Amino acid sequence: MTLKLGVPSKGRLMEKTFEWFAARGIVLSRSGSDREYAGLVEGVDGIELVLLSAGEIPRELAAGRIHLGVTGTDLIREKLGQWEQRVEELAPLGFGFADLIVAVPQAWVDVDTLDDLDAAAAAFRTQHGFRMRIATKYHRLVRDYLRDHGVADYQLVDSQGATEGTVKNETAEAVADITSTGDTLRANHLKILSDGPVLRSEATLFRARNPDLDEAEREAMTSLLHHLQL
Amino acid sequence: MPNRLAKRAEAARVRALFEVAGAQVIDTPVLQDAETLLDLYGEDIRARAYVTSDALKGEQMLRPDFTLPVVQMHMAHGAEPARYTYAGEVFRRQEDDSNRASEYLQVGYEVFERGAPEEAEAEVFALISSVLRGLPLRAATGDIGILMAAVEGLQTTEARKAALLRHIWRPRRFRALIERYSGRADVPASRAALLAADDPFAEAGPNIGLRSKAEVETRINTLREDAKAAPLSDNEVQLMDAILSVSEALPHALEHLRDIAVDMPSIAAAVERLGRRAAALQARGVDVANLQFEASYGRASMEYYDGFVFGFYAQERADLPPVASGGRYDALTRQLGNGEEIPAVGGVVRPGLMMMLKGGTA
């Protein structure tokens, strides 16, 4: 069988991934029309390109349905428990930089650190009768981070998009989201806590651990890694 | 690995022993209202409990332990004093360790009784140790009440004491607060700037969200008050450190804590409770001279346990979770009872782990 390489199916992440491989002599491309999610690999044999959403790549790697995949470190850590045992980081690709951060309204002049957030959350709960809501789609990462830092009296509410708008809409008091420049946060009157990000993320080439490879797939893997100088 | 039927039989055997000791057999639903659990334990419970839902009942959790439903049941229609026993599955999500069971049996023994708390504590501990006799286990004990008494007796503002008590079960944040209140950690630059500003709201921008400007102002006033408060004395910080570092056989620990209580009289009553408990344990045949006591035991893992705490661990298997654990959880009944408190102490054993250790196979 062929070795399967999963790559994000659209946008800048796909283009940059294609460029990264091209710089190493491997030409990836979408076959057929722009709407068709099939791909071509030239420059190395025995490899099949699978185009899919960056968010699905962690699951597909863990399930062994693809053997290699490009996605953000944030998505791997959020979606895979014990991720180190299930996938291996082969190479950071030098693009797709984004930080997972916690942000609160600019108007909260009394809140700059997690220490402040915790104290504000305690007072908020007393005042409003429920725990301070933090909107995010990164539940595991944010919960682990806040637990490690001893923040209490908050709850996470799920937000799969337009997270920055949740505060103004009063469905959350604070947000935890990915940002690269912070422009969207500022435009929504939010500011980032100064403790540093929950996680720094970057597009990365991952390999599934313990995949069941046949002879041809093993050869293709060796040949690909040789081309990539990994 | 013992099979499920064998584990059930073992659970039934242990429950029968608890019944003989005077407990009434009870059972509780597996599905628990998620809101109550979230209200008690916060977001962390989502990492530990399986959540499910339907359109009528809303979010439900598979019971992560029996404590909450047993307390609710007792508060609704229990007579006092009461002793209960139960055996059944609990469910725990495992996100970080695939070797830990996500479904296992627990057998519990819970005592709701006012008066003679040390007797009830010794009763629970002695009964659970008798069930475990012969297994290669070591016991660890602690008493979160001593640390709480120390905090309540600090020469500082009520706001600072409340903040420390709120974080008793989060050692890292507790430590950070002590560092701040004692002046060992610098005031963060952003806070210093805020307190020095003529108009703290100069850069505030529009007010968005539910937290109002008045709430922000209240907190700024709290911070101003706090900035005026005298730092915790070195002496008090050292005494707290001394308490937290007590870790030795119970008689020595008791002696050590009595010495500390001379300089910190606020813990004297809690230390005497420890003394009475040691005597009660001895009277029930527990080898107190070799019983390990750690003043900080249970802080990170047993939220709402606010007095005596204990756990039994496999000696040769540091990788295993405790085979039995328990303690006093008056704080939980206070939280659930809207201030009305029912003194409660109890413990659970895991028959599956007991069998694993008995069989010598792991």
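Which residue in β4(B) is the bridge partner of B:D54? I looked, and B:G58 is the one.

**Ground rules.** I'm working on a predicted model, where local features need pLDDT of at least 70, side-chain atom pairs count only at pLDDT 80 or more, and totals for chains, interfaces and linings use all residues. Residues are numbered from 1 along each chain as its sequence is written, while chains are lettered from A and ligands numbered from 1 in the order in which they are written.

**Sheet in chain B.** β3(B) and β4 (58-62) of chain B pair antiparallel over four bridges; pairing takes at least two DSSP bridges between the strands. Helices (H or I, at least four residues) and strands (E, at least two) are DSSP runs numbered from the N terminus. The open sheet has three strands, ordered β2-β4-β3 (chain B), with antiparallel pairing. β2 (31-33) and β3 (51-54) of chain B are the edge strands, each pairing on one side only. I get an average twist of 45 degrees from one strand to the next. Helix α2 (34-41) of chain B packs on the sheet, touching β2, β3 and β4 of chain B, and its direction makes about 70 degrees with that of β4(B). Axes here are lines fitted to C-alpha atoms, for helices over the stretch in contact, with angles from 0 to 180 degrees between N-to-C directions.

**Chain A against chain B.** I counted contacts (C-beta atoms, placed from the backbone, within 7 Å). Chain A puts in 35 residues and chain B 34 residues. On the chain A side, α5 (114-128), α6 (139-148) and β9 (154-158) give two or more residues, and α5(A) gives the most, with nine residues.

**Domains of chain A.** Five residues of domain 1 of chain A are in contact with seven residues of domain 2 of chain A. Helix α3 (73-79) of chain A supplies the largest share of the domain 1 side, three residues.

**Cores.** I took a nonpolar core as buried Ala, Val, Leu, Ile, Met, Phe, Trp, Tyr and Cys residues joined through C-beta atoms within 7 Å; buried means 20 or more other C-beta atoms within 10 Å of the residue's own, C-beta atoms being placed from the backbone. The largest has 89 residues, and B:I243 and B:V323 are among those touching the most other members. Helix α5 (117-132) of chain B gives the most to this core, seven residues. A second, separate core of 38 residues includes A:V111 and A:F124.

Methods
Two residues are in contact if their C-beta atoms, placed from the backbone, lie within 7 Å. A residue is buried if 20 or more other C-beta atoms lie within 10 Å of its own, exposed if 12 or fewer, and partly exposed in between; C-beta atoms are placed from the backbone.
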